[in-house]
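Please look over the structure shown below.

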Amino acid sequence: MESSEEDDDFPVHEWITPQSKIDAIYQSNTEKGIRKLCCELLDLKDAVDNLCGNMQSKYLAFLRISEEVVEMEQELIELQKHISAQGILVQDLMSGVCRELEEWSQSNRDMNESEQDQKVLEVQDSLPNEMEDQKQTFLENLDILMAEHKLEESIEALVSEERSCPELNDAGDASSNKTSSYKSAFLKRKAMLEDQLIEIAGQPSASIVELKKTFSGLLRLGKGPLAHQLFLKACGSRLLKNIEAFLPSCSIYPETCSATLSKLVFSAISLTTKESGLIFGDDPLYTNRVVQWAEWELESFVRLVKENAPSSETTSALRAASICVQASLSYCSMLESQGLKLSKLLLVLLRPYVEEVFEMNFRRARKTVLDLVGNDETFPLSPQFASPLSAVASSSNNLLTESGMRFMFIVNDMVEQLTLPVISHFGVTVLTRISQLFDKYVDALIKALPGPSEDEHLLEQREVIHFRAETDAEQLSLLGTAFTVSDELLPMAVSRIWSTHNENNEPGSGSAENIVSSVSNTIEFKDWRRHLQHSLDKLRDHFCRQYVLNFIYSREGKTRLDARIYLDGKGEDLFWDSDALPTLPFQALFAKLQQLATVAGDVLLGREKIQKILLARVTETVVMWLSDEKEFWDVFEDDSASLKPLGLQQLVLDMHFIVEIAVRGGYPSRHVHQIASAIIARAIRTFSARGIDPQSALPEDEWFVDTAKGAINKLLLETSSGSEVSETNEEHINIHDEVGSDSDDTISCPSTVESSESFASANMDESESPMYFTDPEV
């Protein structure tokens with residue numbers, strides 16, 4: 001009705017599907033789907049019901065099986081208990097049966113043994129008692145032999161009986177039966193025989209043959225260790241008797257006393273080793289005891305040497321110690337053929353004694369060397385040592401030369417006391433102490449120079465100085481003496497030590513132990529010379545510093561080197577002055593160097609290289625003082641000071657002048673040139689800061705060089721015409737034009753640092769540097 005009404009209300013079109021048709025179609029499809037779904041749900045419900053039923057049945061079956069398993073476990077436990085009970089019964093039965101069998105066996109064995117023992121006793125009772133009679137007879141005969149002191153026969157009888165009678169070797173109870181009583185009697189007589197042998201070994205009057213028989217007898221009786229102990233004791237007593245007989249003569253021959261003692265000791269050790277081998281064989285036990293005894297005797301020997309040696313501070317003590325080392329090491333080398341190596345132990349024992357002798361001798365040497373004034377004692381030197389020192393003697397005072405001779409005499413005398421083995425094993429110690437002694441000698445020479453010493457702590461410890469080297473000649477003589485000692489005489493004196501050292505280091509020379517000792521105690525010759533050179537540099541630098549300071553501060557007025565001389569100059573420019581000269585202080589310095597060169601030529605005759613180096617050091621010290629002196633530069637930096645271009649020109653000219661002095665004099669000049677250049681650069685900076693233009697104020701460098709050369713020529717002409725300085729100044733300063741081209745090739749370091757040019761280079765060409773120095777500037 002409704003659809004028909006709708007149809008009537010709305011017109012129907014062909015392309016529009018009616019609602020009623022749609023409802024009919026889809027309603028039939030939905031009903032089919034629902035029915036199909038219901039069928040599937042019912043099937044699923046049936047399947048679930050079947051599954052639940054199966055699960056319940058299977059669960060019940062599982063419970064039933066579990067109960068059956070529990071019952072089965074109970075049955076297995078019961079069965080196991082039953083089996084264990086049966087096993088215990090079987091074991092008890094087996095134990096009982098075994099015990100019964102053992103008791104039955106023991107009873108049968110006892111019955112058989114009793115029957116056998118009874119039969120043996122019956123046999124023994126039936127035998128005659130001859131064995132007891134033989135034993136008693138042996139004991140009686142042994143008593144007779146011992147009473148007659150027939151020791152060898154008694155020992156032979158004891159040894160034979162002990163070897164043939166087994167019961168004597170039984171370790172059972174000695175008081176158990178008649179047989180053990182015989183053993184007790186035998187052992188008692190054996191002990192009595194041992195006591196007799198020990199008593200003979202302890203008798204001082206026993207001869208060597210008797211002692212050997214005694215020790216052999218104890219050894220046969222089984223008392224080897226005791227016999228060897230008595231043997232070593234007897235050898236020690238015999239050695240002690242010989243030593244006591246010799247000791248009273250030690251005071252007559254103090255230097256050779258130690259050699260004789262070593263002969264006695266090492267001969268006894270050698271003889272003891274041989275006799276021990278003959279009597280006791282090569283058993284390591286006895287060999288080790290001999291070695292221990294020998295070591296103990298060595299310790300006693302060293303104590304005897306110390307007690308009977310001369311006073312440690314004398315030359316005789318040094319000679320005695322050297323002879324002792326030589327003789328002892330020689331005997332030790334002989335003992336090595338017998339298997340005894342005692343050299344290392346001997347050196348260990350002797351080293352404290354030898355080093356004490358060294359210490360006391362060098363302490364005595366220091367006292368003698370440091371006393372420059374000395375005493376009336378003469379120190380004769382061979383010409384090879386005396387001639388070089390006499391060549392540098394000052395005409396006014398020979399005291400310094402005598403101090404050098406005293407130093408060389410002491411060193412040479414001590415070196416001559418040393419034997420080759422002492423040099424081989426203690427050479428390093430000797431060389432070190434000689435270099436230390438030279439240090440003390442140089443310190444004494446420094447104290448003899450004017451002015452405070454270099455080290456402040458020496459100033460506090462300074463004693464009264466009885467001699468001062470006041471004049472230039474004395475001071476140069478002092479320097480020449482020190483150089484001669486260090487560079488010529490000391491190497492000559494210790495050449496024997498170096499030659500021995502080199503021989504020991506040659507392949508195949510000496511034993512392996514000696515080679516190892518030499519290598520472990522080696523010292524390089526150049527290192528030793530370098531140490532001496534450092535001491536010389538210290539002395540030279542002190543002289544140069546005091547010489548320059550005395551020159552600077554001892555002058556007054558215009559000739560004093562002061563910064564104000566560069567402020568008070570008159571005029572505006574040196575360039576227009578054809579007669580421009582350096583300032584008066586530098587002219588005075590030039591004259592002072594000429595004077596020093598003249599004196600050096602007389603004192604250090606034939607040592608031109610030393611003269612040049614010394615003058616170069618003095619020149620260096622001047623420019624170094626200018627470079628480092630704060631008060632000098634404070635004057636220029638003071639705002640109240642009036643700086644002029646003339647002052648800068650004069651300062652630069654002075655620096656060129658001092659460089660030209662070194663160049664024309666043939667001194668090593670490169671370092672002087674470097675310091676002078678640094679001073680010029682600093683002066684230019686200082687004057688520039690005060691408004692002076694160096695470009696306009698300073699002429700070309702060639703002008704300064706030419707002016708400095710002209711000034712030197714002019715001063716030399718004035719000197720040669722009217723000065724008190726000798727005409728030989730030109731020869732000593734070596735003023736010639738060709739020197740200037742080569743002088744800069746020789747390099748010199750500042751005197752306050754380690755030197756590459758030194759006194760040691762005096763024997764070399766100028767183009768060479770010292771063999772044991774490297775130049776830090778190269």
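Is Cys235 buried or exposed? Cys235 is buried, because its relative accessible area is 4%; buried means under 20% relative accessible area, exposed over 50%, and partly exposed in between, with a 1.4 Å probe and protein chains only. This is a predicted model, in which local features need pLDDT of at least 70 and side-chain atom pairs count only at pLDDT 80 or more, while totals for chains, interfaces and linings use all residues. Residues are numbered from 1 along each chain as its sequence is written, and side-chain values use heavy atoms, leaving out hydrogens and water.

**Disulfide**
- A search of the whole structure gives 1 disulfide, that is, a pair of cysteine sulfur atoms within 2.5 Å.
- Cys250 and Cys257 form a disulfide, and their sulfur atoms lie 2.3 Å apart.
- The link of Cys250 and Cys257 is right-handed, with 50 degrees about the S-S bond.

**Burial of cysteines**
- Cys250 counts as buried because its relative accessibility is 2%.
- Cys257 has a relative accessible area of 2%, so Cys257 is buried.
- Cys544 is at 0% relative accessibility and therefore counts as buried.

**The whole chain**
- The protein chain has 28 helices and 0 strands; these are DSSP runs, helices being H or I with at least four residues and strands E with at least two, numbered from the N terminus.
- The protein chain has 778 residues, of which 42% count as buried.
- Of the contacts (heavy atoms within 4.5 Å) in the protein chain between residues at least 6 apart in sequence, 79% join residues at least 24 apart.
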